[in-house]
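Dear colleague,

I am handing over the structure below, and I would be grateful if you read the notes that follow it with the structure open beside you.

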Amino acid sequence: MVKIFNCGHDSHHKNPCNILHANGLDDYLLLLIKQYAWIYIKDEKCIVTPNSVLLFPPHTPIHYGCDTAGYNDDWIHFDLSGTDTGLLDSFAFSYGTVLQPRDFHRLSDYAKIISDEFHSDGIYRESIIDKLMHIFLFVLDEELKKIAESSSGSPKYYYEFARLRTQIYNSPAAEWSVSQLAKTLCLSCSHFQHLYSRFFGCSCQHDIILARIELAKFYLTTTDMSIYQLSIFCGYETDLHFMRQFKKYIGVTPSEYRLQTQHIGT
């Protein structure tokens, strides 16, 4: 069985951080890093780029951090027991080193589901978490093996696109332009859009919209910002455009979504 002791999704550090566990921890620590950071590997400080995964086994030294404000990650403390004790033995994981799966955001989506379930009070919570963690670990293994089997390590431009995608999801309200994004990689708009869809299964513009909608959903449930204020905050020029787009993707208006989620939380 896979048991989670604590976890979090999309955690942010307002200040630079320096996290040291000289003697390690009693459980596994899994990090999905979304911001430039660093890690000490055999006493050498190494840069960690966005869209990286780190996995530390129990009782091994851990030292990582970020020299600027805004460090952002998903994190899971877990342990294995019973028939799952040797679950990771055949996986393509390399403990304490930087892993770079192709579809990082797929893994982050699973981390969100796992975190939501962990912080729930469902009667099948532990069993559901066990199944979700199995899925997560198998998906991570699959992503890493795809890279190992590729003669070039990964498709050309993939990591550049992955970094851009992380920037979009970290700052969805920015004035993103497909033409400007393509220019940063010295690609034509058509080639850029073709590659983006190939890598992530949707257009860049569609991803920008989804990132803004996710941001709006969070603030609808955690603040009392007006719909107009929220539309500007999420990067929309008018509240009417925001409301139409939100309903198109979520099925209800922002106000209706706020009422529904408030009802669920009571």
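**Aromatic pairs**

A search of the whole structure finds 16 aromatic pairs, where rings of Phe, Tyr and Trp (its six-membered ring) pair if their centres lie within 6.5 Å, and planes under 30 degrees apart count as stacked, over 60 as edge-to-face and the rest as tilted. The rings of Y64 and Y71 have centres 6.4 Å apart and planes at 45°, so this pair is tilted. Y236 and F242 also form a tilted pair, with 5.2 Å from centre to centre and 50° between the planes. Y236 is buried, with a relative accessible area of 4%, where buried means under 20% relative accessible area, exposed over 50% and partly exposed in between (1.4 Å probe, protein chains only). F242 is buried too, at 0%.

R212 lies over the face of Y236, at 5.7 Å from the ring centre; a charge sits over a ring if NZ of Lys or CZ of Arg is within 6 Å of the ring centre and within 35 degrees of the ring normal. R212 is itself among the buried residues of helix 6, which spans residues 204–222; helices (H or I, at least four residues) and strands (E, at least two) are DSSP runs, numbered from the N terminus.

As for the source, this is a predicted model, in which local features need pLDDT of at least 70, side-chain atom pairs count only at pLDDT 80 or more, and totals for chains, interfaces and linings use all residues. Residues are numbered from 1 along each chain as its sequence is written, and side-chain values use heavy atoms, with hydrogens and water left out.

Key. Expected span 1.5 Å × (residues − 1).
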